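Please give a short report on the structure below.

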Amino acid sequence: METAQQATQPRNLTPEELALLVRSFREMRQWSQEQLAEISGLSGRTVQRTEKGEPSSVDTRRALARAFGAEDIDMFNKPYLIPTAEEMAAAKEQFEKEHVTLQVERVTTGKQLGKLSEMASASLFSEAVSLPPAAEAQFARLADYCREYADCAELYSAVDKLGVYEDLGGILADLAKEGFSVVGTIRYAEVHWGKAAKAVEMSTLYVVAFPAGKEPDAIAVERAVRYG
C-alpha cells in the first residue's frame with residue numbers, strides 16, 4: 001500500500017498526468033491548442049494527443065516545457081513532484097493574481113496602429129513565438145517606428161500623420177509577407193512614483209506578433225507594470 005510520504009515523492013509523469021499539467025498550464029495562459037502548437041513548434045495533432053493522455057516523445061515534452069518558459073526544458077522528462085488538485089488550484093489562483101487578461105484587436109492597417117501609438121505613454125512589444133530573422137527584423141522596425149512616433153506625435157500635423165500611417169502600413173505588409181501579423185491593445189493603470197505622490201494614469205500599448213491566422217482575442221500580461 002502506498003503511504004502518504006511515497007505519494008509525495010518525485011516520480012516520472014504518466015501520460016495522463018502530463019496531459020493534466022499541459023492543459024492546466026495552457027489554460028492559465030488562455031492559449032488555444034493551436035496557439036500552443038505554434039509556440040512550441042509542434043503540430044496541432046501532437047498537442048491534442050498529448051492532452052488526451054497518449055504517450056509522447058522526449059522531444060515533444062521538451063518543446064512543451066520550452067513553450068511554457070521553463071528554465072529546465074527536461075522538466076516533463078525528469079522525476080516530477082506531482083501537484084495535488086489543491087496545489088494546482090493554488091497555482092492557477094497565483095497566476096491569475098499576478099496576471100491580467102486584456103482583450104486585443106488584430107492590427108490590420110497603419111492608421112490603426114498609429115492611432116494606438118498616439119494614445120500610449122509607454123509601449124511593450126513582444127513575440128508570441130520565435131520569429132525567423134526576416135520577420136524579426138520587420139517587427140523590430142515596427143517597434144522602433146511606433147516608439148519614435150509616440151514620443152512626438154502631438155507635433156505632427158494631420159497631413160503629416162497620414163504619411164506615418166502609410167509607413168506603418170508598409171511595415172505591417174512586409175511583416176505579413178513573412179507570415180506574421182500583430183495584435184494590440186491599450187491598458188490604463190494608475191502609477192505611484194512615490195509614497196506621497198499623487199497617482200498618475202499611464203496608458204501602455206501592448207503589441208504582440210503572432211503567426212498570421214493564429215491571433216487570439218485576449219492575452220495574459222503581468223499585472224505589475226514596470227516603467228523605466
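Y156 is partly exposed, with a relative accessible area of 30%. Buried here means under 20% relative accessible area, exposed means over 50%, and partly exposed lies in between, with a 1.4 Å probe and protein chains only. Y149 counts as buried, at 1% relative accessibility.

This is a predicted model: local features need pLDDT of at least 70, side-chain atom pairs count only at pLDDT 80 or more, and totals for chains, interfaces and linings use all residues. Residues are numbered from 1 along each chain as its sequence is written, and side-chain values use heavy atoms, with hydrogens and water left out.

**Aromatic pairs**

The structure holds 5 aromatic pairs. Rings of Phe, Tyr and Trp (its six-membered ring) pair if their centres lie within 6.5 Å; planes under 30 degrees apart count as stacked, over 60 as edge-to-face and the rest as tilted. Two of the pairs are set out here.

| Pair | Centres apart | Angle of planes | Class |
|---|---|---|---|
| F25 and F68 | 5.4 Å | 75° | edge-to-face |
| Y149 and Y156 | 5.1 Å | 85° | edge-to-face |

F25 sits in helix α2 and F68 in the loop between α5 and α6 (85–98), so their pair ties together parts 43 residues apart in sequence. Helices (H or I, at least four residues) and strands (E, at least two) are DSSP runs, numbered from the N terminus. F25 and F68 are both buried. Ring pairs also link F25, W31, F68 and F76 into a cluster.

**Residue A70**

A70 is placed in the loop between α5 and α6. Its relative accessible area is 21%, so A70 is partly exposed. Leaving aside neighbours within four places in sequence, A70 is in contact (heavy atoms within 4.5 Å) with A65 and M75. I186 is 116 residues from A70 along the chain, and their C-alpha atoms are separated by 28 Å.

Which residues of helix α4 (residues 44–51) are buried? They are T46, V47, T50 and E51. Seen down the axis of α4, these buried residues fall within an arc of 130°, so they line one face of the helix. The arc is that of the directions from the helix axis to the C-beta atoms. An α-helix has 3.6 residues a turn, so residues three or four places apart point the same way. The buried residues of α4 pack against α2 (15–28), α3 (33–40) and α5 (58–67).

Just after α4, G53 takes a positive phi of about 90°. S56 lies in the loop between α4 and α5. S56 counts as buried, at 19% relative accessibility. Apart from neighbours within four places in sequence, S56 is in contact with L18, T50 and R61.

**The second largest pocket**

The second largest pocket has a volume of about 200 Å³. Of the 13 residues that line this pocket, A120, S121, A122, A150 and D151 are the closest to its centre. A pocket is an open set of points on a 1 Å grid over the protein atoms alone, where a 1.4 Å probe fits, with protein on both sides within 12 Å along at least five of seven lines; lining residues have an atom within 4 Å of a point. Grid points are joined across faces, edges and corners, and a volume is the space filled by probe spheres set on the points.

α7 (110–119), β3 (122–127) and α8 (133–152) each supply at least two lining residues. The largest share, 4 residues, comes from α8.
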